[in-house]
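Hi everyone, thanks for coming. I'd like to walk you through one model today, so let me put it on the screen.

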Amino acid sequence: MIKKLLAVSVSAVMMLAMSVSAFAAGSVNASEQKILDELNAKNVPARYVSQAKNYVEKDGVDITEAQANEIIAHIDAAAKIVSDAGIKTAGELKNNKEVLDKVVAEASAAAKVLNLTLTFNYTTGDVTVTDASGKTVAVVNSKTTKTTGADSMSTVAVVSVLGLAVATLAAVTKKNAEA
Amino acid sequence: MKKSPARTIICLLASMLLSIFVSVLAIMLSVELGFATNNSLTSALDEVKYYERLYNDFMDKCESIVIPDGLGPEVFDGVFSVEQLKSDGNAYLNAQLNSTVYKTNLDWYKEQLTTNIKEYVDEKQLVADGDEDEIIEDIVENIMDYYIKMISIPYASTIGSIFRTISALFPYVFFSMLVFAMITIWIINKQNPHKKNRVFRYLAYATTSGAITTLIPPIYCLYTKFYTKIQVYPEYLYDFIVRYIENGIKIMLLIGMILFLVSIVMIALSTYLKHKYIHTRTYHHHHHRSGERSGEEESEA
Amino acid sequence: MQKHKNRFAKKLNRVMAYIYMPLLFSLLAYGVTYLMASDVIDIAVNLVSLISADKAPDFTNENNSIFVKDSVEINDDDGVLTVKRADVGMADYGDLYAYVRCTRIALDAPVYYGDDDAILKKGVGQDFASSQPGFGRLIVLCAHNNMYFNALKNIEIGDIVEIETSYGTYSYEIKETKILNENDSSAFDFAIDHEQLVMYTCYPFDMLAHTPDRFFVYADLVSGPVFVD
């Protein structure tokens with residue numbers, strides 16, 4: 001699952017790199033819709049795409065294309081580590097500590113590009129991704145993890161959310177930069 | 001006796017090895033005393049009034065659990081108490097740390113809560129969507145599960161197994177470092193049979209280095225306070241983690257300072273012995289020269 | 001004189017040796033340790049930095065309200081209400097940013113962005129992944145069935161629900177209601193192509209019950225200010 005999701009983020013980003021359409025603030029244009037359709041078709045949960053879109057709409061959020069490229073490099077590296085190890089499911093990833101540690105390292109390096117932080121609330125089981133100014137990027141809680149069957153506090157769940165949060169942010173940013 | 005380069009190199013190497021053994025000893029002792037004891041956890045919990053604050057959080061959450069089931073917060077009147085929660089919490093923590101099983105006795109809570117819910121249902125004339133007793137039993141089980149979750153410290157079993165590993169390793173590491181240290185001291189001593197001030201100088205290098213190595217981590221932590229920036233909620237859990245780390249850091253600081261005092265004693269001894277030799281050498285030198293002169297005078301005479 | 005200078009230099013060297021030798025030993029010790037354990041150290045540092053921010057966490061539980069009634073200029077362009085996109089404030093997690101109302105069923109509650117237990121005790125929560133009114137996307141609101149959304153038990157198709165924000169009031173017409181399991185992922189779709197308001201609460205109402213089901217209400221946008229640059 002995680003490899004699939006990571007691979008999806010990579011392919012989505014590559015699609016964006018080839019997109020040359022203009023982007024009009026406050027509306028969904030044709031190329032943006034095409035990208036979102038592509039992401040949805042490849043099973044990236046629409047919830048994550050939606051959270052990423054909410055975040056980039058916020059005032060003061062300004063991700064550069066250079067940052068997006070750096071993030072993509074880390075996500076690519078993580079995807080390669082997972083595929084080289086022959087891991088296909090989140091369960092396999094969870095049981096392979098060595099690979100998981102490396103994926104966490106890449107995910108955290110990607111997060112550091114945008115100064116993202118994870119906040120753990122042990123009693124509620126919520127894991128929140130926030131940026132340097134304290135704005136919330138994504139939330140993983142019992143509602144979101146119920147459908148995936150994951151424990152919100154598990155490393156795999158958190159890494160996949162983080163990976164997707166940064167990947168879709170990078171994707172949306174690159175699309176904005178192409179405009 | 002002139003200084004030989006080979007002797008100096010051997011002594012410096014031995015001193016460097018001794019510094020490593022002393023550092024490992026000091027750091028291991030700091031970890032064992034400051035971090036890896038059950039008491040270090042329980043005292044941090046007490047100091048931040050963890051269970052008292054947990055109780056309020058727990059009651060809030062219980063309310064949120066029963067609201068969708070049609071009940072109000074009154075159903076918890078007289079069921080849970082801070083004292084009982086603290087007692088259960090400590091017992092549960094010790095069991096997890098020692099990898100034993102502690103079965104919290106929940107019967108009294110279940111009984112009290114069930115009675116309260118039935119009274120509430122009667123008073124509000126709530127209609128049950130199914131078998132009333134079964135629904136109440138499920139609600140009560142839900143609350144009991146949450147109680148167990150709340151009284152357990154996160155990752156306590158993992159922490160307990162780490163503590164046990166450290167405690168198991170500690171005597172071996174301690175005694176082996178002690179033995180190696182004795183060997184290096186013996187080597188330094190053997191290399192300097194006549195100049196004991198040099199022995200203490202090399203010991204001073206080792207203990208000073210040990211003090212520096214042991215003091216750097218706590219000073220770094222206290223200066224940067226990086227551990228206060230971890231984003232952990234709720235507040236009482238955060239306070240407990242910070243207090244636990246700070247208490248451990250203080251132990252490490254203390255051990256580092258003791259080593260530093262030892263190194264000052266070594267320096268003082270080295271300096272004292274050096275002056276003593278200089279004084280003794282000067283005395284002998286004068287006596288030797290005056291002995292030569294009186295011998296010359298006698299021969300001249 | 002030269003003899004005195006030499007003696008002084010020797011003494012200084014001996015004293016300095018008590019500083020630089022231990023420092024050198026310590027540096028070597030740390031250097032070797034880092035080389036041997038760099039993988040473990042790097043992983044540990046990565047993990048710690050992932051959950052660390054630039055400052056301590058903020059535990060103040062203040063309600064942050066960004067709702068200020070009629071604070072934004074709304075223009076009428078040939079019968080179409082418009083508002084400047086730059087004037088539209090974006091809520092962050094926990095912010096009170098709107099009010100949801102339906103006069104017929106006496107629904108009038110504050111809307112907070114986020115839907116944790118603390119929020120649900122003081123008002124209507126909004127799924128953090130959903131959007132604010134006016135963005136042409138999905139809006140998902142939830143609240144307790146015996147508190148702020150108890151009124152939903154009386155809602156009917158055709159009712160108008162309003163969401164009042166600082167940047168204008170948006171009206172939605174109820175099109176459908178459904179009872180679904182809480183884990184049913186078909187309940188709503190974030191990729192929807194038009195602005196839809198979904199409100200849900202635990203089901204059944206006013207009973208002692210397990211509530212694995214949710215009562216869903218679906219409404220489509222009828223009117224509200226359009227964003228302009």
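One definition before we start: two strands count as paired if DSSP finds at least two bridges between them. And please keep in mind that this is a predicted model.

With that in hand, let's go to the place where the chains meet. Two bridges join strand 1 of chain A, residues 117–121, to strand 2 of chain B, and these strands run parallel. If you'd like a residue pair to look for, Asn121(A) stands opposite Tyr233(B) in strand 2 of chain B.

How many residues does each chain bring to the contact? Chain B gives nine residues and chain A gives seven. On the chain B side, the elements that supply two or more residues are helix 3 (50–66) and strand 2 (232–233).

Now let's step back to chain B as a whole. Chain B holds nine helices and two strands. Reading from the N terminus, the order is α-α-α-α-α-β-α-α-α-β-α. The radius of gyration of chain B is 33 Å, whereas the globule rule gives 19 Å for 301 residues, so chain B is more spread out than a compact globule. You can see that in the C-alpha trace too, which spans about 135 × 30 × 25 Å along its principal axes.

What share of the 301 residues in chain B is buried? The figure is 32%.

Terms used:
Residues are numbered from 1 along each chain as its sequence is written. Chains are lettered from A and ligands numbered from 1 in the order in which they are written. This is a predicted model: local features need pLDDT of at least 70, side-chain atom pairs count only at pLDDT 80 or more; totals for chains, interfaces and linings use all residues. Helices (H or I, at least four residues) and strands (E, at least two) are DSSP runs, numbered from the N terminus. The radius of gyration is taken over C-alpha atoms; the globule rule is 2.2 Å times the number of residues to the power 0.38. A residue is buried if 20 or more other C-beta atoms lie within 10 Å of its own, exposed if 12 or fewer, and partly exposed in between; C-beta atoms are placed from the backbone. Two residues are in contact if their C-beta atoms, placed from the backbone, lie within 7 Å.
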